[in-house]
Amino acid sequence: MGALQKVLVVDDGHRAVDRALSAELAELGYASVTASLEAADDVLAMMPRPAAVLLHVPPRDTGGAFRMLSERLREQMRGAGVPVIEVDAAGQQTGSPVDLQSRIGTRVLNEPEF
């Protein structure tokens, strides 16, 4: 039996129930780790290859920090085939949870982690 695929969620630290991407990801069969913008690189360095990275962009992305991280991670993850997906403050990511699942991938189980 394999382990659940893990998704890294990067947000601004405000995790209201109506903005919880982790609940949506759990419904889709993914385990998630939520980290702040400042901790994203450290958490990513400790994670085995994630299924995806979701950036929950706040309404006011002061200085464009989330956009810059998104661009850098897209470049970094391209070779590994890991999608980097921006989700706006309203939870919109140009689609529904079904779109989110299709963008991450339909296979929920990974090979066993040793």
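The following legends describe close-up views of a predicted model.

Residues are numbered from 1 along each chain as its sequence is written, and side-chain values use heavy atoms, with hydrogens and water left out. Because the model is predicted, local features need pLDDT of at least 70 and side-chain atom pairs count only at pLDDT 80 or more, whereas totals for chains, interfaces and linings use all residues.

**Figure 1. Overall architecture of the protein.** The secondary structure comprises four helices and four strands; helices (H or I, at least four residues) and strands (E, at least two) are DSSP runs, numbered from the N terminus. Along the sequence, these elements follow the pattern β-α-β-α-β-α-β-α. Of the 114 residues in the protein, 35% are buried, where buried means under 20% relative accessible area, exposed over 50%, and partly exposed in between (1.4 Å probe, protein chains only). The accessible surface comes to about 6,600 Å², 55% of it belonging to carbon and sulfur atoms; areas come from the Shrake-Rupley method with a 1.4 Å probe, and for residues only the protein chains shown count as cover. Among contacts (heavy atoms within 4.5 Å) with a separation of 6 or more, 72% involve residues 24 or more positions apart.

**Figure 2. The open parallel sheet.** Four strands form an open sheet in the order E2-E1-E3-E4, with parallel pairing; two strands pair if DSSP finds at least two bridges between them. Strand E2 (31-36) and strand E4 (84-87) stand at the edges, and because each has a single partner strand, one side of each is left without a neighbour in the sheet. From one strand to the next, the twist averages 25 degrees. E3 and E4 run parallel and are joined by four bridges. His-56 has Val-87 in E4 as its bridge partner.

Figure 3. H3 lies across strand E1 (6-11), E3 and E4, and runs at about 160 degrees to E4. Axes are lines fitted to C-alpha atoms, for helices over the stretch in contact, and angles run from 0 to 180 degrees between N-to-C directions. Ser-70 is located in helix H3. The relative accessible area of Ser-70 is 0%, so this residue counts as buried. Beyond its neighbours within four places in sequence, Ser-70 contacts Leu-55, Val-84 and Glu-86.

Figure 4. Arg-67, Arg-74 and Glu-86 are linked in a network of salt bridges, a salt bridge being a side-chain nitrogen of Lys or Arg within 4 Å of a carboxyl oxygen of Asp or Glu. In the pair formed by Glu-86 and Arg-67, the closest N and O atoms are 1.9 Å apart. Since Glu-86 lies in strand E4 and Arg-67 in helix H3, this pair ties together parts that are 19 residues apart in sequence. Glu-86 also meets Arg-74 in a salt bridge, at 3.5 Å from N to O. That pair links distant parts of the chain, with Arg-74 in helix H3 and Glu-86 in strand E4, 12 residues apart.

**Figure 5. The salt bridge between Arg-78 and Glu-75.** A search of the whole structure finds four salt bridges, and one of them joins Arg-78 to Glu-75. The closest N and O atoms of this pair are 2.9 Å apart. Both Arg-78 and Glu-75 are exposed.

**Figure 6. Surroundings of Asp-61.** Asp-61 is placed in the loop between strand E3 (52-56) and helix H3 (65-77). With a relative accessible area of 18%, Asp-61 is buried. Its contacts, leaving aside neighbours within four places in sequence, are Phe-66 and Arg-67. Asp-61 and Asp-12 are 49 residues apart in sequence, and their C-alpha atoms are 9.2 Å apart in space.

**Figure 7. Confidence of the prediction.** The average pLDDT (the predictor's confidence in each residue, from 0 to 100) is 77, and 68% of the residues score at least 70. Where pLDDT is low, the predicted coordinates should not be read in detail.
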